[in-house]
Amino acid sequence: MIEKEVFGMSNGYKIFLFTLKNSKGMTVKLTNYSGAIVSILVPDKDGNFGDVVLGYDDLAGYEGGTSTQGALVGRYANRIANGKFSLNGKEIQLRCNEGTNCLHGGIIGFHKRVWTVDETTDNSVTFGYFSPDQEENFPGNVKVSCKYTLTEDNELKLEYKGKSDEDTILNLTNHSYFNIGGIHSGSVLGQIVQINADTYTPVDHNLIPTGEMAPVENTVFDFRQPKAIGRDLDQSDIIGYDHNFNLGEPHVMREAAVVYDPETGREMTVSTDKPAIQFYTAIGLQGEIGKDGMMMKIQTALCLESQYAPDSPNQPNFPSCVLKKDEEYNFTTIYKFGVRK
């Protein structure tokens with residue numbers, strides 16, 4: 001079942017809010033402003049439904065927000081060092097928006113754009129965006145889309161597609177902030193996380209990978225067995241996580257991560273055919289006002305962003321994020337929700 005209502009106006013464009021609901025009661029709200037996930041309602045172990053995605057009450061919140069809540073991110077999710085990379089022997093200088101880094105596509109990334117509504121069905125919505133050549137200085141006219149599908153198995157499936165009329169780089173993700181205990185449940189440090197990765201990418205002081213794929217074994221980054229997010233933080237020099245984990249070769253679907261909340265029994269499993277995933281414990285949330293007037297604070301949510309690794313255009317040891325002319329960019333990420341009794 002799908003419902004459509006007007007969410008507001010942005011830059012002269014009508015913005016819609018879509019509501020998808022399956023027979024089990026799981027409900028997902030989406031908007032074509034930034035292609036964002038606005039809310040996900042799922043049951044806990046007692047059958048009580050709760051919203052597990054942070055965000056805002058209205059369109060103005062998404063327009064003015066600074067933390068990329070729920071949005072589709074591009075052209076290049078995550079960071080590119082110095083905003084530079086070389087492609088086909090030509091150095092390309094992007095627009096930098098995080099010190100010397102280009103983060104999440106530059107000054108006006110896809111998460112601050114109005115997306116088209118390309119298709120709706122009984123259980124899906126497809127958003128599209130056309131990024132012209134040299135937008136934020138990226139090469140090529142690029143058409144991208146993301147199809148959101150809500151299944152009867154309480155899965156939210158995201159199918160990303162893209163095509164360019166010249167060689168370029170492309171790295172799309174969704175930047176939802178999850179708290180599966182419910183958006184008002186506070187810190188996520190007690191939630192249990194498993195990440196099925198043997199290596200991660202160490203970073204420098206600018207959060208740019210050093211180029212190494214380092215073993216997680218005997219480090220604070222070892223989530224191969226389930227553990228509380230905050231368990232090892234007091235033994236480290238980090239306040240939280242904003243790190244990339246390597247999953248393997250692209251286009252191989254795999255279970256990447258599992259999050260479990262002992263209080264509510266809710267569980268979220270993330271599967272993807274992207275080569276990496278960014279684990280972020282919202283260490284940058286500094287008091288934005290979100291839903292119900294709630295102040296969004298550090299460590300009150302987590303992101304699991306399926307992606308190419310940060311700075312991949314400059315890291316020859318990482319899987320290549322180059323999209324060749326007329327080739328299809330095609331990836332899938334699935335968030336599946338359940339409960340443990």
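This is a predicted model: local features need pLDDT of at least 70, side-chain atom pairs count only at pLDDT 80 or more; totals for chains, interfaces and linings use all residues.
Because Asp242 belongs to strand S21 (residues 242–246) and Arg79 to strand S7 (residues 79–80), the pair ties together parts that lie 163 residues apart in sequence. Asp242 and Arg79 are both buried. The structure holds twelve salt bridges.

Another salt bridge joins Lys227 and Asp232, whose closest N and O atoms are 2.6 Å apart. Lys227 has a relative accessible area of 4%, so Lys227 is buried, and Asp232, at 10% relative accessibility, counts as buried too. A further salt bridge is formed by the side chains of Glu267 and Arg340, at 2.5 Å from N to O. This pair links distant parts of the chain, since Glu267 sits in strand S23 (residues 266–272) and Arg340 in the segment after strand S29 (328–339), 73 residues apart. With a relative accessibility of 36%, Arg340 counts as partly exposed. Through shared partners, salt bridges also join Arg79, Glu98 and Asp242 into one network.

## Nonpolar cores

The largest nonpolar core has 70 residues, and among these Ile40, Phe245 and Phe279 touch the most other members. Strand S13 (residues 142–150) gives the most to this core, contributing five residues. A second, separate core of 20 residues includes Phe7, Ala36, Leu285 and Met296.

Leaving aside neighbours within four places in sequence, Phe279 is in contact with residues including Val193, Ile195, Phe223, Phe245 and Leu304.

## The largest pocket

The largest pocket has a volume of about 540 Å³, and 26 residues line it, of which Thr66, Ser67, Thr68, Leu103 and His104 lie nearest its centre. Strand S24 (276–280) and strand S25 (286–289) are the elements that give two or more residues to this lining, and the largest share, three residues, comes from S25. By class, the lining of the largest pocket is made up of six nonpolar, 14 polar and six charged residues.

## Enclosed cavities

The count of cavities of 30 Å³ or more comes to four, and the largest cavity holds about 60 Å³ of space. Residues lining the largest cavity include Tyr33, Ser34, Tyr56, Tyr62, His111 and Lys112. Thr66, Ser67 and Thr68 are also among the residues that line the largest cavity, and these three are named among the residues nearest the centre of the largest pocket. The lining of the largest cavity divides into four nonpolar, seven polar and one charged residue.

How values were computed: Residues are numbered from 1 along each chain as its sequence is written. Side-chain values use heavy atoms; hydrogens and water are left out. On a 1 Å grid over the protein atoms alone, a cavity is a set of points where a 1.4 Å probe fits but cannot get out, and a pocket is an open set with protein on both sides within 12 Å along at least five of seven lines; lining residues have an atom within 4 Å of a point. Grid points are joined across faces, edges and corners, and a volume is the space filled by probe spheres set on the points. Ala, Val, Leu, Ile, Met, Phe, Trp, Tyr, Cys and Pro count as nonpolar, Asp, Glu, Lys and Arg as charged, and the others, Gly among them, as polar. Helices (H or I, at least four residues) and strands (E, at least two) are DSSP runs, numbered from the N terminus. A nonpolar core is a set of buried Ala, Val, Leu, Ile, Met, Phe, Trp, Tyr and Cys residues joined through side-chain atoms within 4.5 Å. Buried means under 20% relative accessible area, exposed over 50%, partly exposed in between (1.4 Å probe, protein chains only). Contact means heavy atoms within 4.5 Å. A salt bridge is a side-chain nitrogen of Lys or Arg within 4 Å of a carboxyl oxygen of Asp or Glu.
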